[in-house]
Amino acid sequence: GDVRLNVLGVPYLIDSDIRVNPGSTMTVDPGVVVKLEGNETDLYIDGNFVAEGTSAQPIVFTSLRDDSVLEDSNPDDATPPDRGNWGGIVFSSTVTNARIKNARIAFGGSSSFYAADCSLNISGAAPLIESVDFDRNEDAVCAFANAQPDLGDGAGHEHAIINPARQ
C-alpha cells in the first residue's frame with residue numbers, strides 16, 4: 001500500500017531495507033528527516049516516490065550517526081557519521097513517478113545494488129532530481145540500464161548538486 005512520511009521534529013529511523021512495490025507510492029513531506037543505519041540498507045523504489053521538500057523545509061536522508069540534524073538519534077554511540085553508513089535510494093525500471101526536490105542525501109553509498117557505492121542508484125528509470133545536495137556519500141548518482149534522470153529544466157531551478165569538495 002501507500003506510505004506517507006509526514007512527522008516533523010523527530011527522525012524516521014530505518015535499519016533494514018524498505019521496498020515500495022509497483023503501484024504503491026511513498027510520499028515524504030517537506031521537512032521530514034529520515035535516518036538510516038547499516039551498510040547496504042536501501043530504499044528500493046519499484047513503485048512511485050515523491051519527496052518534494054521546499055527551500056525552507058528540505059527533506060533529509062542521512063546516517064543515524066548524523067547528529068547535525070535533529071540532534072543525537074543514537075545516544076549510546078559517539079561515532080561520527082561517515083561515507084557509506086547506509087546504502088542508498090534505488091529506482092528500478094518499474095518506477096513511473098519519482099521526484100526528489102529540495103533535499104539533502106548524506107553519508108550513504110554502501111548499496112548492494114549492482115555493487116555500486118552510490119547514494120542514488122537509477123536503473124532504467126527517469127526520476128526528477130532537482131536541488132538535491134549530495135553530501136559526503138561514497139558516490140552520488142549512478143545510472144544503469146538506459147536510466148534517464150532529469151536534473152531539472154534549467155528555467156530558474158538549481159540542478160542536482162554534486163559538490164566535489166564534499167564528495
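Guide: A salt bridge is a side-chain nitrogen of Lys or Arg within 4 Å of a carboxyl oxygen of Asp or Glu. The model above is predicted, so local features need pLDDT of at least 70 and side-chain atom pairs count only at pLDDT 80 or more, while totals for chains, interfaces and linings use all residues. Residues are numbered from 1 along each chain as its sequence is written, and side-chain values use heavy atoms, with hydrogens and water left out.

Visitor: How many salt bridges does the structure hold?

Guide: Side chains of opposite charge can pair when their charged atoms come close. Here there are 7 salt bridges. One of them pairs R99 with E52, at 2.8 Å from N to O. R99 sits in strand 10 (residues 98-106) and E52 in strand 7 (residues 48-52), so this pair ties together parts 47 residues apart in sequence. A strand is a DSSP run of E, at least two residues, numbered from the N terminus.

Visitor: Which residue forms a salt bridge with R4?

Guide: R4 pairs with D29, and their closest N and O atoms are 3.0 Å apart. R4 belongs to strand 1, whereas D29 lies in the loop between strand 4 (25-28) and strand 5 (33-36), so the link spans parts that are 25 residues apart in sequence. D29 is buried, its relative accessible area being 16%.

Visitor: Where is the disulfide?

Guide: A disulfide is a pair of cysteine sulfur atoms within 2.5 Å. The structure has 1, and it joins C118 to C142, with an S to S distance of 1.7 Å. C118 is in strand 11 (residues 118-123) and C142 in strand 13, so the pair ties together parts 24 residues apart in sequence. Both C118 and C142 are buried.

Visitor: What about D139, in that strand?

Guide: D139 belongs to strand 13 (residues 139-144). D139 is partly exposed, with a relative accessible area of 41%.

Technical notes
Helices (H or I, at least four residues) and strands (E, at least two) are DSSP runs, numbered from the N terminus. Buried means under 20% relative accessible area, exposed over 50%, partly exposed in between (1.4 Å probe, protein chains only).
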